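Visitor: I'd like to go through this one label by label and hear what stands behind each term. Could you put it up?

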Amino acid sequence: MDSLYTEFVEQSRKIADLQYAAAVLEWDKETYMPAKSAEIRSQQIATLSETAHTWLIDPAYENVMQQLLEQKDLSENELDNVKIRLKEVLRLKKKTPAFVRKMSETVSKAYHKWIEARRKNDFSIYAPALEELINLKKEEAEIYGYEEHPYDALLQEYEESASVEMLDKVFADLLPGLSEILEKYKNKNIDTHFLHKKYDAAKQLEWGKYLAEQMGLDKDKTRLDISEHPFTTNFSATDVRITTRIDENDFSNNTWSTIHEGGHALYELGLPIEEYGLPLGTFTSLSIHESQSRFWENCVGKNGAFWYHYLPEAQRFFPEQLSEIKLEVFMQAVNRIEPSLIRTEADEVTYHFHIYIRYLIEKELIAGTISTKDISKIWNEKYKELLGIDVPDDKSGCLQDIHWSIGSLGYFPTYSLGSLYAAQFWDKLKSDNPNIESEISNGNLNTTLQWLRQNIHQYGKKYDSEQLCKKVTDSTLDSTIFLKYLEDKFSK
Ligand code: CO
């Protein structure tokens, strides 16, 4: 290996070591850390993260990359690693340390105000701090630069191939079809009471671990623990942690959270370990990450073929609660569509209205065409207009998500894009393997996992979302495939 490239790899891995060490501390904070060490823990995480950042923007590191680009003897993958990392560094460098500090202080203030506003169920408590944060995000958009719309600069923090132009088109294609499906299949009389019987917490955790293992999560490379909000984190492709939330009066929450996070984990476990700390060893984008979780949660995990095999297993775990339940009744309950207030509890159809409303508000906030103090009013009007429901208070309205309070503007659309990519991948998997559903109905999930490994996981960041989608499916992002997937599912 070329010595200069070796230097690049070593420096990149040291940076990754610090970032993953911070991630271990973060995981511990969300799972096992005693409550009173919150403050000192935040300081420990900040020290590691800041040091990693300093090393990342070190001129010597950039210099090594610039020199490597002038060399002609790098392999294709080596060149990709250098190019992608250099691009990331140049973007990071645009923000001055003073700006980074200001952002972190403003976020911290907004986050605390959000907590208080939620507790008191009053958006106006949070509005001034949020406005300050939005103004800073507008400044950030100017710092990064953009061609068409300032919101594009923020979107691209999470999703390189996203833009207002692209998303406007995606939602314009998607929403009328979703409204039709919603009208046609929404049913309030479906029996779901058996999902809300008492399900013992310890038994539920055992069930979650069983499901994760069935999906192909290697016990020697993963853990499943409990946290307030389910999440996935990874420290390398040999150590990926998922968490779940357990509600004793609910079968669904833990089951589909575990499958969802399991899908995220399988992506991380499938990244090439020999590219550790380098772009090709890292997930490509948030929407592709989310496509993996939703692929397992919805395309596989809310499919009748899956439950043909796994409902009897669930009945073995929970005989009292489920043994009388027929597959058809179970599937109807699982796939019930109904407009609701809370995004994270929404079904596969109405979910995208929740995202669209957030997208509209973010886009206009950044463009300056609406003002922060009007968010609550606009939110409630849009829920009435698009989902036909009345929002009773801010807590179940515009205060429900953490994202804005931590400055994550541009993040929400990746959830919808993830669903669309998932449906396209599922469609392609089925055409590549016409017997896949019958395999799944025998409890064999391995062909599915190997297909994802082969087509998506192994590439890391080599291709961006759009390139990857094209490579895998021979088509760009296409919301009609998602609509067709829903129509197929709900017409059954
Ligand atoms: Co997710």
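Visitor: What joins E2 to E3?

Guide: A hairpin, running through two residues. Bear in mind that this is a predicted model.

Visitor: How do you know that E2 and E3 pair?

Guide: Pairing takes at least two bridges between the strands. E2 (residues 232–236) and E3 (residues 239–244) have four bridges, in the antiparallel sense, so they count as paired. Take Thr-233: its bridge partner in E3 is Arg-241.

Visitor: What makes strand E2 largely enclosed?

Guide: Four of its five residues are buried, so the rest of the structure largely encloses the strand.

Visitor: Which protein atoms are called donors of the cobalt ion?

Guide: NE2 of His-260, NE2 of His-264 and OE of Glu-290, lying 2.2 to 2.4 Å from the ion. The cut-off for this metal is 2.8 Å, so they qualify as donors. Along the chain their spacing reads H-x3-H-x25-E. His-260 sits in helix H10 (residues 252–269) and Glu-290 in helix H11 (residues 286–300), so the pair ties together parts 30 residues apart in sequence.

Visitor: Are His-260 and Glu-290 buried or exposed?

Guide: Both His-260 and Glu-290 are buried, which means under 20% relative accessible area.

Visitor: Why is Asn-121 called partly exposed?

Guide: Its relative accessibility is 28%. Asn-121 lies in the loop between helix H5 (97–120) and helix H6 (127–144), and has a positive phi of about 55° although it isn't a glycine.

Visitor: Which residues touch the most other members of the largest nonpolar core?

Guide: Phe-251, Trp-296, Trp-307 and Phe-330, out of 116 residues in that core. Leaving aside neighbours within four places in sequence, Phe-330 is in contact with Phe-194, Leu-195, Phe-251, Trp-256, Trp-307, Leu-311 and Ile-325. Another core, of 17 residues, lies apart from the largest one, and includes Leu-18, Tyr-61, Leu-74 and Leu-278.

Visitor: What makes a set of residues a nonpolar core?

Guide: Its buried nonpolar members are joined through side-chain atoms within 4.5 Å.

Notes: Residues are numbered from 1 along each chain as its sequence is written. This is a predicted model: local features need pLDDT of at least 70, side-chain atom pairs count only at pLDDT 80 or more; totals for chains, interfaces and linings use all residues. Side-chain values use heavy atoms; hydrogens and water are left out. Donors are N, O and S atoms within 2.8 Å of the metal (3.2 Å for Na, K and Ca); water is not among the atoms, so sites may look incomplete. Buried means under 20% relative accessible area, exposed over 50%, partly exposed in between (1.4 Å probe, protein chains only). Contact means heavy atoms within 4.5 Å.
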